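Have the structure open as you read.

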Amino acid sequence: SGGLRNGTEVMNFTYDTVAPLLSSPNPANNSNFSSGTIVFNISVSDLAPMMIVFDFDNSSGGTDFNRTIGGGSWLNRSGLWAYEISAANFTEGVHHLNISVNDSAGLLNRTMVVNFTIDRTVPNVTNLRLNNFTNGVNLSSGLSANSLTINVTVNDTTSVKFVYMQVTNGSWYVNISANLTNFGWNATINLTWLGEGNHNVTIYTNDTAGNSNSTSTRNLYVS
């Protein structure tokens, strides 16, 4: 009767027993890089993700390190948690990225591992051969069914992406994609495609990290 009132306080809380789920890592596992900025990102499914740790392990002898991200500045790059780092921070070789996440309930999930390779070495091109002819050979357009087989050996730290041969006389050229065989990378050119005169054969190759090499050349003369 004295007009006293009782205010009721409402407290909301979330009961969370499920650890965060990590998925859709980028870059893909076993990717190769040579330079530039690498963007690592991950999708996290959880009621309240709080902190993500990117733990870099250098198995090639460099220094291990980790980066912790959290808060809105790192979140929602197309719905992903992202961390950018220059490839210059890594030594050449294989690296392992362990990704762990904590949510606000203290639940931890450390299940995602991404392997990647830093490769700054250009492919090594050796043993360039024009059939069995020596450098500077004089060929007739009627030789060996009008064809010339170009063969080369290409070795690389990671893997070779493509090889093609370019034959040019300085004002005109033809490019031929090479195929990998048990005896190296091969391509066959029809000599009728070439005009008379001196020609240079140059090998162009690229690896999966973006390193390229175009240093191996041979000369031939078509009459």
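This is a predicted model: local features need pLDDT of at least 70, side-chain atom pairs count only at pLDDT 80 or more; totals for chains, interfaces and linings use all residues.

Residues are numbered from 1 along each chain as its sequence is written, and side-chain values use heavy atoms, with hydrogens and water left out.

**Aromatic pairs**
- Searching the whole structure turns up 10 aromatic pairs (rings of Phe, Tyr and Trp, the last by its six-membered ring, with centres within 6.5 Å; planes under 30 degrees apart are stacked, over 60 edge-to-face, the rest tilted).
- Phe-33 and Phe-116 pair edge-to-face, at 6.5 Å centre to centre and 70° between the planes.
- Phe-33 sits in strand β2 (residues 31-33) and Phe-116 in strand β8 (residues 108-118), so this pair ties together parts 83 residues apart in sequence (strands are DSSP runs of E, at least two residues, numbered from the N terminus).
- Both Phe-33 and Phe-116 are buried (buried is under 20% relative accessible area, exposed over 50%, partly exposed in between, with a 1.4 Å probe and protein chains only).
- Tyr-164 and Tyr-204 are stacked, 5.0 Å centre to centre with 10° between the planes.
- Tyr-164 belongs to strand β12 (residues 160-168) and Tyr-204 to strand β16 (residues 197-207), so their pair ties together parts 40 residues apart in sequence.

**Thr-205**
- A polar atom of the Thr-205 side chain lies 3.1 Å from the backbone oxygen of Phe-162.

Conventions: Helices (H or I, at least four residues) and strands (E, at least two) are DSSP runs, numbered from the N terminus. A polar contact is a pair of N or O atoms within 3.5 Å; within protein, one must be able to donate a hydrogen and the other to accept it, and residues adjacent in sequence count only if both atoms are side-chain atoms.
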